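My entries are below, in the order I looked things up.

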Amino acid sequence: MRGIVFVLALAARVVVGRRGPAAAPRMPRVRGRSSIMLVEHMVKEVMPVRAGVLLRSWQKQAEDSWAQGFTPTSTMDGMRRLSSQVKQLQRMAALARVMTMRQLADDAAPATPIDSHFAPYLSRLPHTSILAAVAPGNGTAIAFSTTLPDCAEMLHIEANPICSDEHARNAQAALLDEFIARAAGELAPSATLIADASPGSVTQALLLARGFSETGGADGWMADGVRYTRAVSGPYAQLE
């Protein structure tokens, strides 16, 4: 009898040993759509020399994409936007270079010839700052902003060419909101806000959502652009 009990106890120990440690309790699975928390953009002024380096790298990326030509996923509208983006990044990088040269020369005249596009802006460069909206994983954008006694103008906004459409939109929206907030704090409520955008662009949609209205063609900075204005005190609704 004792022998039988001993054999049964030994078999039980072997079975328990094979089971190993107790398994962790299974967590219930949450069904539904997963979402990624996007980091809010930090908007700050950047030095022209740093902005120029970043804009030139974006210019190179856009030019490389343009050089590849049509791909199976290309569209005519997409290629037109890319062509416009290449031109704007070229001008923005050149303007950042001019601002850097003037800064290094203590506001002396630049030593190299100035593109005709920049002629109307030379006297306003001391009042021009470069804003950047940065957020890891949520896109980056740069804009030139000029503040005068009676108006504030955002020359152009451009996002990193490799950003997704959503991230580019978020970065540009952050810059526009900062531009409006700064103007409201520095200018009279009757002062004018000015911004240019290409028809059908993300910038155009953001401007319209923020109370801007079309007032005519751009002043030469954007050959294919449209000018939008609104009063500093005008109401606007942010896009969700």
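**Entry 1: the whole chain**

I note at the start that this is a predicted model. I looked up the secondary structure and found five helices and seven strands. I then read the elements along the sequence, and the pattern is α-β-α-α-β-β-β-α-β-α-β-β. I checked burial next: 39% of the 240 residues count as buried. I also looked at contact range. Of the contacts between residues at least 6 apart in sequence, 67% join residues at least 24 apart.

How many residues of strand S2 are buried? I find six of its seven, so the strand, residues 128-134, is mostly covered under the cut-off of under 20% relative accessible area.

I looked for pairing on S2 and found two partners listed here. Strand S1, residues 42-45, pairs with S2 in the antiparallel sense over four bridges. In that pairing, Lys44 has Ala132 of S2 as its bridge partner. Strand S3, residues 140-148, also pairs with S2 in the antiparallel sense, over seven bridges. There, Ile130 is bridged to Phe144 in S3.

I followed the chain from S2 into S3. The two strands form a hairpin, with five residues between them. Gly137 sits in the turn and has a positive phi of about 75 degrees.

**Entry 2: Ser129 in S2**

I picked Ser129, which is found in strand S2. Its relative accessible area is 17%, so Ser129 is buried. Leaving out residues up to four places away in sequence, I find that Ser129 touches Glu45, Ala143, Phe144 and Ser145. I also took a C-alpha distance: Ser129 and Met154 are 9.8 Å apart in space and 25 residues apart in sequence.

**Entry 3: strands S5 and S7**

I moved on to strand S7, residues 226-231. Five of its six residues are buried, so S7 is largely enclosed by the rest of the structure. Which strand pairs with S7 over six bridges? I find strand S5, residues 192-197, and the sense is antiparallel. Leu193 stands opposite Arg230 in S7.

A general point I keep for the strands: in a regular strand the side chains alternate between the two faces of the sheet.

**Entry 4: Ala231 in S7**

Is Ala231 buried or partly exposed? I read 32% relative accessibility, so Ala231 counts as partly exposed. The residue lies in strand S7. Setting aside neighbours within four places in sequence, I find Ala231 in contact with Pro189, Ala191 and Leu193.

**Entry 5: Asp150 in a loop**

I looked at Asp150, which lies in the loop between S3 and strand S4 (151-159). Its relative accessible area is 53%, so Asp150 is exposed. I still find contacts for it. Asp150 touches Ala191 and Thr192, not counting residues up to four places away in sequence. The C-alpha atoms of Asp150 and Leu187 are separated by 7.1 Å, though these residues are 37 apart along the chain.

**Entry 6: helices H4 and H5**

I turned to a helix pair. Two packed helices are described by the angle between their axes and the distance between the axes. For helix H4, residues 165-186, and helix H5, residues 202-209, I get an angle of about 45 degrees and axes 10 Å apart. That angle makes H4 oblique to H5. The crossing of the two helices is right-handed.

I then listed the residues that make the contact. H4 contributes Arg169, Gln172, Ala173 and Leu176. H5 contributes Val202, Thr203, Leu206 and Leu207. I sorted the residues of this contact by type: five are nonpolar, two polar and one charged.

Is Gln59 buried or exposed? Its relative accessibility is 18%, so Gln59 counts as buried. What does Gln59 touch, not counting residues up to four places away in sequence? I find Leu89, Gln90 and Ala93.

Key. Residues are numbered from 1 along each chain as its sequence is written. This is a predicted model: local features need pLDDT of at least 70, side-chain atom pairs count only at pLDDT 80 or more; totals for chains, interfaces and linings use all residues. Side-chain values use heavy atoms; hydrogens and water are left out. Buried means under 20% relative accessible area, exposed over 50%, partly exposed in between (1.4 Å probe, protein chains only). Two strands pair if DSSP finds at least two bridges between them. Axes are lines fitted to C-alpha atoms, for helices over the stretch in contact, and angles run from 0 to 180 degrees between N-to-C directions. Angles under 35 degrees count as roughly parallel, over 145 as roughly antiparallel, 65 to 115 as roughly perpendicular and the rest as oblique. A crossing is left-handed if the near helix is turned anticlockwise from the far one by less than a right angle, and right-handed if clockwise. Contact means heavy atoms within 4.5 Å. Ala, Val, Leu, Ile, Met, Phe, Trp, Tyr, Cys and Pro count as nonpolar, Asp, Glu, Lys and Arg as charged, and the others, Gly among them, as polar.
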